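User: Hey, can you walk me through this one? I'd like to start with the ligand and then look at some helices.

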Amino acid sequence: MDKDLRRKIKNKQLKIAVVGLGYVGFPLALEFAGKSIEVTGIEIDNDRLAAIANRRSYISDISNRQLSDALASGYFKASADFSDIKEADAILICVPTPLKGRDLPDISFIKNAVKAVSLHIKNGALVILESTTYPGTTEEEILPIFQNRGFRHGKDFFLCFSPERIDPGNKRFPMHKIPKVVGGINPEAARLAALVYHIIIKQVVPVSSARCAETVKLLENTFRLINIGLIDELSMMAHKMKIDIWEVIQAASTKPFGFMPFYPGPGVGGHCIPKDPLYLYWKAKSFGFNSRFIRLASNVIAYMPEYIVKRIEEALTRRKKKLKGSKILIMGVTYKKDIKDLRKSPSIDVISSLKNKGAKIAYSDPLIPFLKLKDIDLKSVVLNDKKIREFDCVLIATDHSAVDYGRLLKNARLIFDSRNVFKGRLKERVERL
Ligand SMILES: NC(=O)c1ccc[n+]([C@@H]2O[C@H](COP(=O)([O-])OP(=O)(O)OC[C@H]3O[C@@H](n4cnc5c(N)ncnc54)[C@H](O)[C@@H]3O)[C@@H](O)[C@H]2O)c1
């Protein structure tokens with residue numbers, strides 16, 4: 001069976017299915033289609049399917065033109081019907097892995113997708129899970145779904161885990177430049193997955209097991225979480241000690257080895273850093289191990305929106321103003337610069353907290369014209385000099401490129417800069433995290 005698959009890969013005749021056309025699956029599908037590989041994207045969200053049909057991209061990294069070209073080439077199509085994967089030689093699963101409540105892994109999307117795949121998969125196909133998840137998921141949760149339907153691994157199908165490591169918006173490292181880690185249920189599965197990824201990615205890094213590949217991704221994101229938690233804590237410490245943390249980071253970054261800069265901010269968001277380490281935390285708990293670092297960093301970061309509100313309140317008090325009744329403009333509500341993604345955005349927590357304290361909130365974000373979330377129902381403010389002067393304080397929560405910061409600096413009465421956009425300029429009116 002694997003010979004057949006190898007031949008198809010070599011001749012670029014294989015067909016690929018990507019399950020879940022989100023931030024991960026959509027660019028992945030187009031990457032293969034761009035190499036003249038026939039790709040079927042399976043998506044259950046009707047709005048996303050309709051957008052694709054109308055050639056309208058809902059992902060910042062994909063332009064409408066790219067989508068149109070992919071559809072016109074005939075190498076990419078999207079469908080809600082799982083039976084469309086019946087001819088696929090490789091099936092890549094990129095569905096969400098959120099948290100249940102505050103910190104429990106929810107792998108129901110993976111299980112549902114895999115069950116649907118197992119009903120339609122053809123003999124000899126390769127299945128690769130890309131969703132970030134805890135170690136053991138591929139072997140303990142996915143493999144049995146196929147086995148229970150009578151599939152024998154290594155004979156009737158092959159199974160791997162390969163973490164997606166894309167960084168939305170990062171122009172320096174597009175997908176094809178990011179080495180791909182693969183771990184299989186057996187070495188042959190990993191070898192096949194490596195051949196598939198080599199079509200679009202230069203460097204593939206095989207590891208000894210799916211469990212190792214799952215943990216690689218969690219190490220990477222836990223490393224980020226802990227370093228962000230550390231620098232957030234140090235920024236609060238430095239503020240008390242009247243030390244400029246931004247200057248400290250800049251100078252420390254001149255060390256050519258052994259240091260990597262991380263920056264403080266209003267918290268972390270998106271569908272990775274806030275939750276991936278908690279998957280590892282949860283799994284480790286089942287082995288009787290308590291990861292104190294993960295818990296501590298999560299708690300420090302979770303406090304940041306409240307800390308920002310406290311600092312804004314202090315800044316207003318120094319100017320003889322009360323937070324209650326003050327007009328606050330939030331600049332940037334997405335979780336990341338230049339990325340249209342509101343998932344777990346700390347700006348939303350800041351807005352809720354400011355509202356609870358009686359502040360009057362408005363926001364401006366070039367990527368989000370309307371904000372309807374939780375108890376928030378707002379329209380993005382169009383900025384002009386007069387409008388900016390109406391606010392008692394402007395919070396730079398997310399530092400999108402398309403904002404006229406000069407105009408803000410010229411007109412705002414008070415700015416709280418949580419992203420170091422102003423690099424310490426105009427100290428009497430700009431307070432920094
Ligand atoms: N967003 C990132 O930057 C990033 C980076 C690396 C890894 N990841 C991981 O990749 C996975 C996917 O993340 P994402 O950001 O692309 O999520 P997303 O929510 O943007 O996309 C997932 C898509 O899967 C679809 N879906 C859900 N169940 C399905 C099913 N049964 N069949 C078909 N489609 C289904 C959803 O409708 C959605 O469109 C997660 O595990 C995440 O942790 C994300």
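This is a predicted model: local features need pLDDT of at least 70, side-chain atom pairs count only at pLDDT 80 or more; totals for chains, interfaces and linings use all residues.

User: OK, and what lies 2.8 Å from an oxygen atom of the ligand?

Analyst: That's a polar side-chain atom of R48. R343 also has an N or O atom in its side chain 3.0 Å from a ligand oxygen. With V24, a polar backbone atom is 2.9 Å from an oxygen atom of the ligand.

User: How much of the ligand's accessible area does the protein cover?

Analyst: The ligand has 830 Å² of accessible area on its own, and the protein covers 93% of that.

User: Switching to helices: how do α8 and α10 cross?

Analyst: Helix α8 spans residues 210-240 and helix α10 spans residues 276-286. Their axes come within 8 Å and cross at roughly 115°.

User: What does that make them to each other?

Analyst: Angles of 65 to 115 degrees count as roughly perpendicular, so that's what α8 and α10 are.

User: Is the crossing left-handed or right-handed?

Analyst: Left-handed, for α8 and α10.

Conventions. Residues are numbered from 1 along each chain as its sequence is written. Side-chain values use heavy atoms; hydrogens and water are left out. A polar contact is a pair of N or O atoms within 3.5 Å; within protein, one must be able to donate a hydrogen and the other to accept it, and residues adjacent in sequence count only if both atoms are side-chain atoms. Accessible areas come from the Shrake-Rupley method with a 1.4 Å probe; for residues, only the protein chains shown count as cover. Axes are lines fitted to C-alpha atoms, for helices over the stretch in contact, and angles run from 0 to 180 degrees between N-to-C directions. Helices (H or I, at least four residues) and strands (E, at least two) are DSSP runs, numbered from the N terminus. Angles under 35 degrees count as roughly parallel, over 145 as roughly antiparallel, 65 to 115 as roughly perpendicular and the rest as oblique. A crossing is left-handed if the near helix is turned anticlockwise from the far one by less than a right angle, and right-handed if clockwise.
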